[in-house]
Amino acid sequence: GDRARGDDVTPSVTIVIPTHNRADKLTSLLDRILADADDHEVLVVNDGSTDRTRDLLDRRAREDSRLVPLHVPAMGLSSARITAARAASHDLLVMYDDDIMPMPRLAHEHALRHRGRSQQLVLGYMPTHVPDPLPRGSFATVLYAQEYERRCAEYDIDPSLVLTGLWLGNASITKGPFIEAWDSGRMPTFPYRHEDRIIGLVLRELGVSGVFDRALFAQHVHSRPLSAFLTDAYRNGQGREHIRHLFPDVLTEPSEHAYRHGVPAPLQPLLSATRYEPVRRAVTGALSTGIAAAGALGSRRAELSLARLARKVEELHGVREVGV
């Protein structure tokens, strides 16, 4: 329903949070959200967690009726998100990742941006917390933070990139177009890393506009071990290639070329050779060993350089798997 505020109408909100095995971060996030007096529904999808997430959510729901847990078998981030959207009681979805720390009343501020507007996606700002001094093994967080800030700078210059290069985690949209986009048949059925970008492109086709608002602030508390970093890179490649096939007008450059950018010429033959699976496994293994050694020696520059190259190798692997 809607809640009237004077002559304006502010949409009622369902906060949507998919989560998987992040009970500690989820505790902090719920503390912040439920500390606000706003009468929002808080729908948390427990996406097949095997830690104490279920018990945590059930206990907190008994203490606060605004919290509604949904316990589902493991289905992946985007599928969990749409499951929550379909179950939401209110028209406006405010979607958070489970590893952000929102500013006070963030969902309310999102709702204010939607007064009188139904065909828009509002994207908030969620800069990555980079520890200082930087602990060993934080290369994934540094690289993620750099990439995210580059994307936000692009949003500032060209707001149309909000939907063509969508990066979810702190966003809001009304239920109707979000569910319609999912029901379009364009979404992949396995966990690419660019599912949010695909849904942004489908929303654009449905006439939705994108808005980026840095005042809608949440801190992203990012962490990724090496194994997850490499898996993410592989899925990045899969996702980009999938988008290129679905939306050739948006991604005109072949994915293989895109991922080779920035790699020094002497290393280009190595990247070419990784199309052969034994070579790829050997290269990724050697780079992983080098990353760990650089971290142990405190050489952050070498750690980052080797991590960037390992990411390229695994991204290209994902591209080639889809292209087969």
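Reply: Two strands are said to pair if DSSP finds at least two bridges between them. The model is a predicted one.

Me: Which residue in β5 does Val 45 stand opposite?

Reply: Strand β4 covers residues 41-47, and β5 covers 67-72. These two strands pair in the parallel sense over six bridges. In β5, the residue opposite Val 45 is Leu 70.

Me: Which strands are the edge strands of the sheet?

Reply: The sheet is open and is formed by eight strands with mixed pairing, in the order β5-β4-β3-β6-β9-β8-β10-β7. An edge strand here pairs on one side only, and the two that do so are β5 and β7.

Me: Is Arg 197 buried or exposed?

Reply: Arg 197 is placed in helix α8, residues 195-205. The cut-off for buried is under 20% relative accessible area. Because its relative accessibility is 16%, Arg 197 counts as buried.

Me: Which residue has its backbone oxygen 2.7 Å from a polar side-chain atom of Arg 197?

Reply: Leaving aside neighbours within four places in sequence, the contacts of Arg 197 include Leu 163, Thr 164, Gly 165 and Ile 243. The backbone oxygen that lies 2.7 Å from a polar atom of the Arg 197 side chain belongs to Thr 164.

Terms used:
Residues are numbered from 1 along each chain as its sequence is written. This is a predicted model: local features need pLDDT of at least 70, side-chain atom pairs count only at pLDDT 80 or more; totals for chains, interfaces and linings use all residues. Side-chain values use heavy atoms; hydrogens and water are left out. Helices (H or I, at least four residues) and strands (E, at least two) are DSSP runs, numbered from the N terminus. Buried means under 20% relative accessible area, exposed over 50%, partly exposed in between (1.4 Å probe, protein chains only). Contact means heavy atoms within 4.5 Å. A polar contact is a pair of N or O atoms within 3.5 Å; within protein, one must be able to donate a hydrogen and the other to accept it, and residues adjacent in sequence count only if both atoms are side-chain atoms.
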